[in-house]
Each structure stands twice: as structure tokens, then as C-alpha cells.
Amino acid sequence: MCTLPVFARRVADFLFPRVCLVCKQRLQVGEEYLCVSCLQSMPYTRLEGRRGNVLERLFMSEDYELGRATALYYYQTHSGRTQPILSFKYRHRTDVALWLGRVMARQLAGSGFFEGVDVIVPVPLSSRRLFQRGYNQCELLAKGISGVTHIPVNTAAVVRRVDNATQTHLDYLQREANVSGIFELRRSRQLHGKHVLLVDDVITTGSTLRQLAKVVAAAGDVTVSVLAVALSTFHKHRPEIDAEEST
Ligand SMILES: [Zn+2]
């Protein structure tokens, strides 16, 4: 005997089979987007709650007080396990972005990650890119997070003037110059004195997000926290790089 919603789900699954984003196996009732097996085998970063973790070090700055920083899982380009999750970015799966926002919020809620956060600011898209894609995937992630945490989302305070060119072939200084001036603080009073959570989809070098943090900090008396779906595996090896740099 099953309840009506479960029965309705089974009928819907029969008529329109839902499959796991990663392994493409049919999903069972109760599974959403990923089957239990794929969900358990994701390369989670588990950085939350670890003070001074690799992401917190990446976003440390004299411009603002750093709150917390984490990402859901490590990401490797073309990895069969993590690439399908990013379908919300490339394949118009807006529903996946909202779901991932909720997943991150539920996973982090118990660790106190959202404590004291006043407002969520998703990384903005330029109006040109927004027109091309039809949605801002980071805004959808933010809405998913907001749905669980009830922290408001602000998309008006900061705008993106231009899209930066690809960063991968640039060195550190070139990347910093490449992103300089791409964001503009339009309504600083909305962020002044606030603890702002920046939400991004994928962090590769981190230079775009660092620039956004800097622009947000110009509102004055700002605490910045950072949350992303995926973090490049490059950062897994940052501790060694940091050690080399400090010698
Ligand atoms: Zn699966």
C-alpha cells in the first residue's frame, strides 16, 4: 500500500521515466536527479566547518572581513561523474540549478554555514550573456538556497558590465587584470554593513569571484562568505603550492 503522492510519482515515472544525471539509470521514487549510488560517490570537498580551508585562504583579503567559504564538490573538466551536474549551465536545466541550491543549503544548514548571513548575491551575468542564455544559473542556485534558508537574494546591488575572456591560459597577474572593472556596485546602501554570501557555479581560478568580493566590499563594513557548487581539483593541491610560495 502506498500513499497517493508516492502512487502519483510512480505513475509519472512510468509514463515519463526520470533518469540519473550521471549514470542514466532510472530513478526510484524518492530519488531526485541523482540515484543514491551516484549521490554517495560524488567527490565532495567537505571543506565546510574547516576554518582556514583552501577556499577561505583563496578569498582572504584586506578589503573585507571573510566569513566562511566552501564548495559542494571537486570538479574535473570532462569528468563523467561531475560534468553532468553542470547541465544547468550548458543545457538549460534550470530545474537542476534550483535543486542544487536546495541540496547545498540542506547539506550546510547543520554546520552553521549560513549563520549571520544577511543577503545572498549570485555572481551576475552581463545583460548580453543573460539575453543569450535566458537565465542566470547562479541566481537560480541562490533562489534554491533561499528557498531553504529564507535568506533574501539581491540581484540589483551589483551588475556585471562585461564578460571576461577565458582565463585558463593567463597567469595570476594577467587574470587579475582581466577581471578588473567587470563588476559595478550600483546600490551600495543595500549591502552596507551586511554579511553577504556570494554564490557561484564553478570556481576555477577564483579571480572573477575575488573581484566581485572586492566590489561588494566597497559598500563598506561588509563580511563576505562564498559558496559554489564545484571547485576545480586544482585547488585540492593548493596547500603544497601555498607552502612553496611562502618559502
Ligand atoms: Zn546514478
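**A walk through the sheet, its helix and the core**

Start inside the sheet: Pro122 has Val199 as its bridge partner in strand β5. Helices and strands here are runs assigned by DSSP, numbered from the N terminus; a helix is H or I with at least four residues, and a strand is E with at least two. The model is predicted, so local features need pLDDT of at least 70, side-chain atom pairs count only at pLDDT 80 or more, and totals for chains, interfaces and linings use all residues. Residues are numbered from 1 along each chain as its sequence is written.

Now look for the partners around that bridge. β2 and β5 (residues 195-203) pair in the parallel sense over 4 bridges. Two strands count as paired if DSSP finds at least two bridges between them. Ile120 also has a partner in β5, namely Leu197. Leu197 in turn stands opposite Ser225 in β6. β5 and β6 pair in the parallel sense too, over 8 bridges. Strands of a sheet pair through backbone hydrogen bonds, either parallel or antiparallel.

Step back to see the whole sheet. It is open and has 4 strands, in the order β1-β6-β5-β2, with parallel pairing. The edges are β1 (65-75) and β2 (119-122), and each of these pairs on one side only. From one strand to the next, the twist averages 20°. Angles run from 0 to 180 degrees between N-to-C directions, and axes are lines fitted to C-alpha atoms, for helices over the stretch in contact.

How many residues of β5 are buried? The count is 7 of 9, so β5 is largely enclosed by the rest of the structure. A residue is buried if 20 or more other C-beta atoms lie within 10 Å of its own, exposed if 12 or fewer, and partly exposed in between; the C-beta atoms are placed from the backbone.

Next, find helix α9 (residues 207-217). α9 packs on the sheet and touches β2, β5 and β6 (223-232). Its direction makes about 165° with that of β5. α9 is mostly covered, with 9 of its 11 residues buried. Among the buried ones are Leu209, Leu212, Val215 and Val216. Arg210 is buried as well.

Leaving out residues up to four places away in sequence, Val216 touches Val121, Val158, Leu185, Leu191, Val196, Val222 and Val224. Two residues are in contact if their C-beta atoms, placed from the backbone, lie within 7 Å.

Val216 also belongs to the largest nonpolar core, which has 61 residues. A nonpolar core is a set of buried Ala, Val, Leu, Ile, Met, Phe, Trp, Tyr and Cys residues joined through C-beta atoms within 7 Å. Leu198, Val199, Val216 and Val224 touch the most other members. At least two residues of this core come from each of α3 (54-59), β1, α5, β2, α7 (137-149), β5, α9 and β6. The core also draws at least three residues from each of domain 1 (1-41) and domain 2 (43-246). In soluble globular proteins, nonpolar side chains tend to be buried together.

Those two domains divide the chain. Their bounds come from an automatic or database domain assignment. The C-alpha centres of domain 1 and domain 2 lie 30 Å apart. Their contact takes 4 residues from domain 1 and 6 residues from domain 2.

A few single residues complete the tour. Leu108 sits in helix α5 (residues 94-109). Leu108 is buried because 20 other C-beta atoms lie within 10 Å. Beyond its neighbours within four places in sequence, Leu108 is in contact with Glu48, Phe113 and Phe114. Leu108 and Arg46 are 62 residues apart along the chain, and their C-alpha atoms are separated by 9.8 Å.

Phe234 lies in the loop between β6 and α10 (238-246). Phe234 counts as partly exposed because it has 15 C-beta neighbours inside 10 Å. Phe234 and Tyr75 are 159 residues apart in sequence, yet 8.9 Å apart in space, C-alpha to C-alpha.

Tyr33 has a phi of about 65° although it is not a glycine. Tyr33 is in the loop between α1 (4-15) and α2 (36-40). His150 also has a positive phi of about 65° and is not a glycine. His150 is in the loop between α7 and β3 (158-160). Is each of them buried or exposed? Tyr33 counts as buried, with 21 C-beta neighbours inside 10 Å. His150 counts as exposed, with 9 C-beta neighbours inside 10 Å.
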